Amino acid sequence: MKFILTIDKERCKGCGLCVKVCEHSVLKLTELMNRKGYRYPQVSTTASCRGCRQCAEICPDAAIELEGEEEK
Amino acid sequence: MTRRISIYRRPEALQDTQTHYCPGCGHGLVHKVIAEVVDKLGIRERTIGIAPVGCAVLAYFYWNFDVSESAHGRVPAVATGIKRVLPDRVVFGYQGDGDLAAIGMGETIHAANRGEAITTIFINNAVYGMTGGQMAPTTLVGQKTSTTPQGRNLDTEGPPIRMCELLNTLEKPHYIERVAFTGIAGVRRIRKAIENAFLAQIEHNAYSFVEVLSPCPIYQRRSPADALKFVEEQMAVYFPVRVFRQDGKVVNA
Amino acid sequence: MLERILIAGTGGQGIVLVGKLLATIAVRSVRHVTFFPAYGAEVRGGTSSCEVVLSSEEISSPVSEVFDSMVLMNQDSASRFLPKADQKGLVLLNASMCRRPAGLAPVMVPASEQAVKLGDIRVANFIMLGALLASKPLVPSHRVEDGLRQFFSERSSDVVDMNIRAFRHGLGLVSHGSSRRQTA
Amino acid sequence: MSARVLMTGNDAIGEGAIRAGCDGYYGYPITPQNELTAYMARHMPENGRVFVQAESELAAINMVFGTAAAGKRAMTSSSSPGISLKQEGISYLAGCQLPAVIVNVQRAGPGLGDITPSQADYFQATKGGGHGDYHQIVLAPASVQEMHDLTIRAFVLADRYRTPVMILTDGRLGQMMEPLELSDKPAPRVPQKKWALDGAKGRKPNIIRSLYLVPGQLEAINHALQDKYRQIEQKEVDYEERLTDDCEVLLVAYGTCARLCTGALKEARAAGRRVGLLRPITLWPYPYARLRELSTRVRQVLVVEMSSGQMLEDVRLAVDGTTRVDFVGRMGGGVPTQSEVLRHLCRRTNGRCRDQRKLHNRGRK
């Protein structure tokens, strides 16, 4: 199963809790700023997400959604 | 051919509106967890929330179910007035430490003592946030705030108040638990506690109380991550994190 | 003499601090000074603005309907306050977070980006203060530096130094005497 | 007076109370007066005085009641919703004839309202928000200097007449900063309070009460209170006048609105219109006599308030039909602008005597 993580960058406030809780360093805060001036994280292309949902669960702003993709 | 299944999506009981809370605020997290529980129990269309006066005063813009405002400290009274005439609705009050344990202490204790079939969710972040970081009834001894510039002093302000233990001396409460937003395990325990509290109301028509030790990065003067540590290493030491009342019976430490 | 200044941005950008600093310094040389903060219920993220009025005559209202100088630090406050800009007035925009508006020739100061380079995005406000005083010397800049040392007296010395470096950086961005219209 | 310092109106009240010898301050968080509570938290203990953040505004006014009963100087502050909680306590202070200072930094209502400025608590303050026939002296500052000076006067009047005194101000005056000169006079002398409760040593016990069950007793107490109020009305009325000797149009406004009117007044005079201003400083006792006198010499009275028109009714009582009374007001946190007042002043009046109530309903800009 492949996992797809999407972050709503305008909803993110750069608190960094998702980055801290991810055990596979899939997320890292970048220099990029959203409209409100908050720096939002990006999903790394190298590390692979294991679908543990921890980032989505801890996000205080419900800015992270997670989907699984499988061959039918 | 590939098929996509959703693993985590924003709960239906949470509006799309962005919250006004500061980065890393506990209110945002607990709002979301309440919405997750409301979705799971399928009660969105019969849930009525009551918002406090404080940072969460705008909660009615963030939940996707009926919410009433209440004067500062009067949430349990408003909740009583709603639940008594609509006994089959799920009614919960959401309050900060000033609202519940300062101006609203009387209402809190009497609603619990009457055993109103409501749920109280109490966000204890040890400061008044909306008004600029004043001392709250749960501010720790030595903690600096705008009204305790030298740090809370035992002689003049007395110690912080432990609400779960206070309410645990009353007969009627059915479920009382204190949880803490300290990390992912904390988040999952918060969700479980709120679910148990709602079930106490739905299945036993009884009073339930959940206290959430919560970060307030701005007025605890820490980064979001360090505020979680403050909750774990300081607040959770003074305010023991455990179940105090289960199925109407006292649970010893 | 009448100077009506608006400083606006979002909660957490140190907007009110800059206004208070300006007013505190001006009191020593100007007869009538008022400072007025206006902020929303949000502690962070909401709009935060303040007004400073410097006048040789009695000030009837600390809140003005037209401004001689405007310092706008994010897009929300730019869209909200630019319509109130006086044609002859000076407008400074935080270019890192504001679009250049049509029909006006503001001084564009990339304050947030420069602040990050200096080490802390929160000193963007002092970069803007420097740019304001370079465009319009309302108060002597050495007084601002003393004021910064005093305001941040309990903080560590490197916080004070960074704030002063940011202020001086802002002063340098808008070369003094050049026409106020060119981009910083 | 000492050197000029820059302070918020809220801080200026705090410093005034300290310099007036306030012994105990009891507060509770509410915007837009938080600066005052924080100021007292910092400076009262430094001066060996009492500071308590009470559990509610209701508790705070009753702590004031205690300190006043003990013969000491007490103050509490809040903003509109919190002041509503204190009304019962204020009625008790009046009934028990206890001196105290209550500061209301008004915000928009009703209900939870907004944190923007307002003057919509005028009726509550001057006509009595609590139960029973009573008054409190109400002082209305219009500058940061007056926030300081009138607080000192409030303690003097409270002790002189054994009565609650309210500083009625608003969020704009509270949060704005302006230079002021702090009083360097010693704290006003505290009169001897033989009635105070400080331990019945060498005297028979004192009782502080407002419960009188013996028939006729409470009525007698009420008469005594009314006599006191008549005395206050004769001696303590205070107001400021600008350019009223030759004016055809008289502006009547207090606090923030009066300040706006000074600007509008200047522009109207420059445009050749003879406009004057009467600014009540005591809202109770109200300057009825002076306003009555002025109304006989003007073509129009224009009242400006941040409310639906409350002081307007006292103006009508004073003017009593001798001339036209018009009104310009903003509600819900709206603040009239100088140009709104000016537009109203420069509109050609067609002399027909009609009471025009202009409620600008423009949303807050």
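So, the sheet in chain B. What we have is an open sheet of 8 strands with mixed pairing, and keep in mind that this is a predicted model. Reading across, the order goes β3-β2-β4-β5-β9-β8-β10-β11. Which strands sit at the edges? Those are β3, residues 66–68, and β11, residues 249–250, each of which pairs on one side only.

Let's zoom in on one pair. Strand β8 of chain B, residues 175–180, runs parallel to β9 of chain B, residues 208–213, and the two share 6 bridges. If you want a spot to look at there, find B:Arg178: across from it in β9(B) is B:Glu211.

Now, what packs on these strands? Helix α8 of chain B, residues 224–238, sits on the sheet and touches β8 and β9 of chain B. Its direction is at about 140° to that of β8(B). Then there's helix α7 of chain B, residues 184–204, lying across β4 (90–96), β5 (119–124), β8 and β9. Against β8(B), helix α7 runs at about 165°.

Okay, over to chain D, for a helix pair. Helix α1, residues 9–19, packs with helix α2, residues 34–46, at an angle of about 40°, and the axes are 8 Å apart. The crossing of α1(D) past α2(D) is right-handed. Who makes the contact? From α1(D) you've got D:Asn10, D:Asp11, D:Ile13, D:Gly14 and D:Ile18. On the α2(D) side, it's D:Glu35, D:Leu36, D:Tyr39, D:Met40, D:His43 and D:Met44. Sorted by class, that contact has 6 nonpolar residues, 3 polar and 2 charged.

Definitions and conventions
Residues numbered from 1 in each chain as written. Chains lettered and ligands numbered in written order. Predicted model: local features only at pLDDT ≥ 70, side-chain atom pairs only at ≥ 80, totals over all residues. Axes fitted to C-alpha atoms, helices over the stretch in contact; angles between N-to-C directions. Helix = DSSP H or I, 4+ residues; strand = E, 2+ residues; numbered from the N terminus. Left-handed = near helix turned anticlockwise from the far one by under 90°. Contact = placed C-beta atoms within 7 Å. Nonpolar A, V, L, I, M, F, W, Y, C, P; charged D, E, K, R; others polar. Pairing = 2+ DSSP bridges.
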